[in-house]
Amino acid sequence: MTIQLAERKRWNAEHQRLTALLKNPRGYEQAVELFLSQHAWLYVSKMADVDAAAKLSTLEDELLDGIREETLRQYPVKAPDTTNSIVWHLWHIARIEDMTVNVLIGGREQIFAEGNWLSKLRISCAHTGNGMTEEEAAELSAGIDIDALLDYRIEVGRRTREIVRSMEPAEMKRKVPASGIDKLRAQNAVKPDAEWLLEYWGKKTFAGLILMPATRHNFLHLNKAIRIKQRIQKKS
């Protein structure tokens with residue numbers, strides 16, 4: 001299972017179209033449908049009930065197809081743009097989407113807290129992973145429960161889709177509320193030396209968060225993870 005470069009280019013082109021549609025209230029319904037399509041491609045097929053046999057396989061389907069546990073956990077990795085393990089990347093994008101969509105857009109609790117995922121994942125940290133030490137990254141990579149991680153990803157993805165479907169056109173231009181940023185800060189959602197991330201989110205509109213991180217951030221990290229998989233498994 002290999003997703004061709006043309007499909008990635010098509011996703012990028014559609015993401016540019018999504019950016020334009022989100023700026024136009026008259027294109028709102030089209031924007032939501034395009035978002036749901038783009039978002040589904042960043043998750044395993046069953047997250048959005050995509051029939052992988054009948055439609056294009058997703059980016060996460062490609063990542064997980066034939067992957068070995070030692071490949072998922074290997075840390076550090078030799079890659080030009082990251083040393084983090086594949087499980088770190090999957091956990092990182094799930095945590096950030098959970099925080100930004102649920103707390104900042106939806107005004108809800110994180111799925112992470114509602115479902116006791118800290119215990120299920122068998123990890124000791126609830127932040128985004130930005131600014132993690134080598135020892136912390138190694139511990140997470142070796143100990144995280146992979147099945148629970150993949151389940152958590154699915155829950156995050158499904159909630160995102162629920163929230164975006166329920167939004168009104170005018171909400172897309174809303175600025176991220178300071179109360180949401182304060183709530184994440186109180187929850188220690190980022191490490192102290194990653195405070196810049198809260199400041200970055202605080203300058204966004206809801207549409208901006210939908211574009212980054214809810215779509216493009218996932219796309220970038222999944223592509224990194226696929227390159228890591230290819231480097232490791234090509235050698236054996």
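A residue is called buried when its relative accessible area is under 20%, exposed when it is over 50%, and partly exposed in between, using a 1.4 Å probe and protein chains only. The model is predicted, and for that reason local features need pLDDT of at least 70 and side-chain atom pairs count only at pLDDT 80 or more, while totals for chains, interfaces and linings use all residues. Residues are numbered from 1 along each chain as its sequence is written, and side-chain values use heavy atoms, with hydrogens and water left out.

With that scale in hand, Phe219 counts as buried, since its relative accessibility is 5%, and Trp11, at 5% relative accessibility, counts as buried too. Rings of Phe, Tyr and Trp (for Trp, the six-membered ring) are taken to pair if their centres lie within 6.5 Å, and planes under 30 degrees apart are called stacked, those over 60 edge-to-face, and the rest tilted. A search of the whole structure on these terms finds four aromatic pairs. In one of them, the ring centres of Trp11 and Phe219 lie 4.2 Å apart with their planes at 5°, so this pair is stacked. The pair links distant parts of the chain, as Trp11 sits in helix α1 (residues 5-22) and Phe219 in helix α13, 208 residues apart; helices here are DSSP runs (H or I, at least four residues) and strands are runs of E of at least two, numbered from the N terminus.

Ala225 is 141 residues from Asn84 in sequence, yet the C-alpha atoms of the two are 9.2 Å apart in space.

The charged side chains come next. Side chains of opposite charge can pair when their charged atoms come close. A salt bridge is a side-chain nitrogen of Lys or Arg within 4 Å of a carboxyl oxygen of Asp or Glu, and by this rule the count comes to 14. Among them is the bridge between Arg8 and Glu62, whose closest N and O atoms are 3.3 Å apart. Because Arg8 belongs to helix α1 and Glu62 to helix α3 (residues 59-64), this pair ties together parts that are 54 residues apart in sequence. Both Arg8 and Glu62 are buried.

Another bridge joins Arg227 to Asp81, with the closest N and O atoms 3.1 Å apart. Arg227 lies in helix α13 and Asp81 in the loop between α4 (69-73) and α5 (86-105), so parts 146 residues apart in sequence are tied together. Arg227 is partly exposed, with a relative accessible area of 40%, and Asp81, at 36%, also counts as partly exposed.

Where does the positive surface patch lie? Patches are built from residues with over 30% relative accessible area and no salt bridge, like charges being joined within 9 Å and nonpolar side chains (Val, Leu, Ile, Met, Phe, Trp, Tyr) within 5 Å. Lys and Arg count as positive and Asp and Glu as negative, with His and the chain ends not counted. On these terms, Lys78, Arg231, Lys234 and Lys235 form the positive surface patch. Lys235 lies in the segment after α13 (216-234), and Lys235 is exposed, with a relative accessible area of 70%.

Technical notes
Accessible areas come from the Shrake-Rupley method with a 1.4 Å probe; for residues, only the protein chains shown count as cover. The place of a charge is taken as NZ of Lys, CZ of Arg, CG of Asp or CD of Glu.
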